[in-house]
Amino acid sequence: MSGRHTWIRSLHDVGLAAWFGGSLMGAVGLNGAAEDEGGTGETSARIASSGWAKWAPVNAAALGAHLFGGGGLLAVNAHRVAAQQGVAASTAAKTVVTAAALAATAYARVLGKKVELASSRDPQDHEKAARHPVDIDQARRQLTWAQWAVPALTGCLVVLNALHGEQQRPAEQLHGMWERARSATPLIH
């Protein structure tokens, strides 16, 4: 990597840290506290929904920072992706896992909004929920799975990020580029 790209790397890493940490804390702490304090399923859902709704703008900013930083890192490391053996594969894996984490995050938000509207005390929310009826118990079960999928997938991104860091070591770059060149050149007998 030529030069420093601290700002881009920071956006990427801080965005991922907030996405992972916020989703894990929400699944463990927020949902657990809502169950402990709610008393009923509807009250627990209302408490958890309120917390998740407050987190949504911060999470959106974290996602934006991570994606912007990731795009920037891909741009400044394009030569390594092309020339260093193993980097293209780890980049492809990271792209697939990022897409899955984004899909899980979006799905969790859609389900969360449905649960929020169905458990709200606001008559306008009940009207909105009535326009799009939902089996609240099924939505809660699916939401539980989706909310655990996000920290699982973003945790995988943390591991892949560590792999990319290891691949940037000078010895790894030299070895990877040598292996790429060797595999691309036909053997001469």
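**Notes on the predicted model**

1. The residues that line the largest pocket comprise 17 nonpolar, 12 polar and four charged. The structure is a predicted model, and the volume of this largest pocket is about 680 Å³. Among its 33 lining residues, those closest to the centre are Asn31, Ala48, Trp52, Leu143 and Gln147.

2. Which elements supply the lining of the largest pocket? At least two residues each come from helix H1 (6-38), helix H2 (41-76), helix H4 (87-119) and helix H6 (136-167). The most is given by H2, with 11 residues.

3. The second largest pocket has a volume of about 400 Å³. Its lining consists of 20 residues, and Gly70, Leu74, Thr91, Lys94 and His164 are the ones nearest its centre. Two or more lining residues are given by each of H1, H2, helix H3 (78-83), H4 and H6. H2 again deserves mention, as it provides the largest share of this lining, six residues. By residue class, the lining of the second largest pocket holds five nonpolar, 12 polar and three charged residues.

4. Lys94, one of the residues nearest the centre of the second largest pocket, belongs to helix H4. Is Lys94 buried or exposed? Lys94 counts as buried because its relative accessibility is 11%, and the cut-off for buried is under 20%. Beyond its neighbours up to four places away in sequence, Lys94 touches His12, Leu157, Leu160, Asn161 and His164. The C-alpha atoms of Lys94 and His164 are 9.5 Å apart in space, while the two residues are 70 apart in sequence.

5. In soluble globular proteins, nonpolar side chains tend to be buried together. Here the largest nonpolar core has nine residues in all: Leu16, Trp19, Leu63, Val97, Ala101, Ala104, Val150, Leu157 and Leu160. H1, H4 and H6 each contribute at least two residues to this core. Another core lies apart from it and has seven residues, including Ala108, Leu111, Leu143 and Ala146.

6. Leu63 is a member of the largest nonpolar core. Which residues does Leu63 contact when neighbours within four places in sequence are left aside? The contacts of Leu63 are then with Trp19, Leu102 and Thr105.

7. The model contains four salt bridges. One of them joins the side chains of Arg46 and Glu42, with an N to O distance of 3.6 Å. Both residues lie in helix H2, four residues apart, which is about one turn of the helix. Glu42 is partly exposed, since its relative accessible area is 43%.

8. Arg140 and Asp137 form a salt bridge whose closest N and O atoms are 4.0 Å apart. The two residues are separated by about one helical turn because they are three residues apart in helix H6. Arg140 is partly exposed at a relative accessible area of 25%, and Asp137 is partly exposed at 44%.

9. A salt bridge also links Arg109 with Glu116, where the closest N and O atoms are 3.9 Å apart. Are Arg109 and Glu116 buried or partly exposed? Arg109 is partly exposed, with a relative accessible area of 33%, whereas Glu116 is buried, at 19%. The value for Glu116 falls within the class because buried means under 20%. Arg109 and Glu116 belong with Lys113 to a network of salt bridges.

10. As to the overall build, the protein has seven helices and zero strands, and the order of elements from the N terminus is α-α-α-α-α-α-α. Of its 189 residues, 35% are buried. Among contacts between residues at least 6 apart in sequence, 82% join residues at least 24 apart.

Technical notes. Residues numbered from 1 in each chain as written. Predicted model: local features only at pLDDT ≥ 70, side-chain atom pairs only at ≥ 80, totals over all residues. Heavy atoms only, no water. 1 Å grid on protein atoms, 1.4 Å probe; cavity = no way out; pocket = protein on both sides within 12 Å on 5 of 7 lines; lining within 4 Å. Points joined across faces, edges and corners; volume = space filled by probe spheres on them. Nonpolar A, V, L, I, M, F, W, Y, C, P; charged D, E, K, R; others polar. Core = buried A, V, L, I, M, F, W, Y, C linked by side-chain atoms within 4.5 Å. Buried < 20%, exposed > 50% of the residue type's maximum accessible area, 1.4 Å probe, protein only. Contact = heavy atoms within 4.5 Å.
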